[in-house]
Amino acid sequence: MTVLLIVAGSLAAQGVIPLWWAIGLATAGAVIGDQIGYAVGRWGGAALVSRFSGMLGGPERLAKAEAHARRWGGLGIFLTRWLVTPLGSVLNFTCGTAEYPWVRFLVWDVLGEALGAVMYILLGRIFSDRVVELDAALGDFSWMTVVLLAAAVMGWMLLKYVRAKKKPLPT
């Protein structure tokens, strides 16, 4: 989707589409998609939720994901709209299954999607003549952020494991 926003910014720079229309439509479309993911998790029914939980690693992993969604709350929703976008669709579903309050989800979703739309469309407008190179760089940045986040989580888990091994066993 990032490439479409960058192209929309390039089109705005050329006068083909008004800038504010591009931002408004991009934000609205992204928010509608996120709301569908949330609704599937929230009201999809037990059979659908259990089916997706199997795809996500089982009920235990889904319960952990729900706990993370509750703990990160609005900040997690906001950041996955524009910074770590590959995690956004999973978080939409998980917030629904965790019964995260819909109004809060909507507010953070709109704020994050609006920021993301403005950012990428303005980048496309500014770098209108280099759209392909800009898209490649931003895609690499998103995945690099996900990899660094995963490395930090794995490092924390490894540290926790090592500390647990050093504790003496009770006799």
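Reader: What share of the contacts with a separation of 6 or more comes from residues 24 or more positions apart?
Author: Those residues account for 79% of such contacts in the chain, a contact being heavy atoms within 4.5 Å. This is a predicted model, where local features need pLDDT of at least 70 and side-chain atom pairs count only at pLDDT 80 or more, while totals for chains, interfaces and linings use all residues. Residues are numbered from 1 along each chain as its sequence is written, and side-chain values use heavy atoms, leaving out hydrogens and water.

Reader: OK, and how many helices and strands are there?
Author: Seven helices and zero strands, taken as DSSP runs numbered from the N terminus (helices H or I, at least four residues; strands E, at least two).

Reader: What does the C-alpha trace span along its principal axes?
Author: About 75 × 35 × 25 Å.

Reader: Where does Glu99 lie?
Author: In the loop between helix H5 (88–97) and helix H6 (102–126).

Reader: Is Glu99 buried or exposed, and why?
Author: Glu99 counts as exposed because its relative accessibility is 55%; exposed means over 50%, buried under 20%, and partly exposed in between, with a 1.4 Å probe and protein chains only.

Reader: And how much of the chain is buried?
Author: Buried residues make up 35% of the 171 residues.
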